[in-house]
Amino acid sequence: MVAFAAAPSTSQGTPNLNKKIMAKEIIFSGIKPSGVPTLGNYVGAISKWAELQQKYRCFFSVVDLHAITVSQDPKELRYRTYLTTAIMLAAGIDPKKSVIFVQSHVPAHSELAWLINTQSTMGELSRMTQFKDAAAKTSKTSIGAGLFTYPTLMAADILLYDAHVVPVGDDQKQHVELARDLAQKFNHRFGKTFVVPKPLIRDSGARIMDLQNPDKKMSKSDDSDRGYILITDSPDIIRKKIMSAVTDSGRNIVFNKKHKGLYNLLTIYQVLSGQGEKQIEKHFLNKGYGQFKQELAELIIKTLSPMQTQINAYMKNTPRLDKILAQGARQANQIADLKLKEAYKKVGLVTKR
Ligand code: AQP
């Protein structure tokens with residue numbers, strides 16, 4: 001687990017939070033309903049969120065406005081927004097402890113994103129690796145404008161809540177760093193307004209790789225379903241995907257970054273079992289890849305099965321999900337509106353009385 005000290009607040013905070021809540025440092029994180037969440041999303045982000053809510057004041061969002069930066073089927077998007085919410089709840093995120101909401105239910109996200117857009121440069125946004133990767137796959141003229149400005153929306157997500165800490169997988173680190181830079185730039189120009197956030201990246205499991213191509217990250221919207229494990233995958237499918245995961249022709253089950261496929265599988269084993277590297281290597285001494293993969297598959301099933309039972313129960317009761325999301329949106333709107341108003345005032349907009 002990563003040890004960290006959150007950055008001190010550089011803003012006066014939000015008046016409507018009570019004292020007990022204000023005593024806690026604040027966390028914001030989100031997940032796109034751009035596909036069914038994968039084991040990578042679970043290991044790199046969601047599993048950590050449940051732990052963090054014991055110590056921090058947490059805001060967790062299903063960031064649907066980010067999802068539509070690439071083409072989505074409307075019916076699928078609606079379904080996955082509920083499913084992602086159900087997964088977060090089944091993973092232990094508790095609406096009594098954390099604010100859980102859908103991004104589009106809080107209009108201040110889009111509004112602050114616009115304001116931040118006006119303070120950002122094409123150069124800053126062009127340097128983002130995710131954009132460069134997307135641009136490399138297509139021509140500059142056909143790439144969506146939303147994909148280009150995605151990081152300013154993400155900055156707005158974080159800055160609205162005075163978040164000190166943003167727990168993310170390794171792939172999102174650069175975007176959090178940009179949010180940091182943009183907050184500092186805004187504060188410098190207009191006076192202290194935003195808390196300067198810090199990324200929180202776990203030591204192990206921050207980047208779970210594709211099972212078929214360990215050179216690329218496991219992603220929920222990947223074209224092939226063989227490279228990822230979905231949180232909703234059945235035991236049979238999990239066994240099949242793990243048994244056919246790419247490894248090299250070696251024999252020893254040891255943590256060696258050069259053996260990327262095996263290293264990735266061992267990392268998943270390590271995070272889910274909570275064991276150390278040496279303990280795992282000892283356990284698999286003189287055992288073959290086949291046995292290791294079987295045990296890993298069973299460990300994944302053991303982790304996901306109880307969650308799947310809960311996910312199914314939530315999905316059969318979407319009015320309950322609506323109620324949880326409505327409560328989260330009320331809490332989030334209350335805080336976000338105040339911060340938006342503060343930022344509007346700072347740049348000289350006449351705010352509504
Ligand atoms: N492979 C991964 N390993 C560890 N962490 C990961 N995350 C994503 N993939 C991995 C982390 O999960 C959180 C939610 O991610 P997201 O849905 O907001 O966006 P993403 O990073 O773009 O995730 P995907 O699965 O790759 O989605 P698509 O395919 O739609 O682009 C983040 O904290 C992320 O770092």
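This passage describes the overall build of a predicted protein model and then some of its residues. Residues are numbered from 1 along each chain as its sequence is written, and side-chain values use heavy atoms, with hydrogens and water left out. In this predicted model, local features need pLDDT of at least 70 and side-chain atom pairs count only at pLDDT 80 or more, whereas totals for chains, interfaces and linings use all residues.

The protein chain contains 14 helices and 5 strands, where helices (H or I, at least four residues) and strands (E, at least two) are DSSP runs numbered from the N terminus. Along the principal axes, its C-alpha atoms fill a box of roughly 70 × 45 × 40 Å.

Thr85, which is placed in helix α4 (residues 74–90), counts as buried because its relative accessibility is 0%. The C-alpha atoms of Thr85 and Ile237 are separated by 23 Å, these residues being 152 residues apart along the chain.

Arg353, by contrast, lies in the segment after α14 (318–347) and counts as exposed because its relative accessibility is 95%.

Technical notes: Buried < 20%, exposed > 50% of the residue type's maximum accessible area, 1.4 Å probe, protein only.
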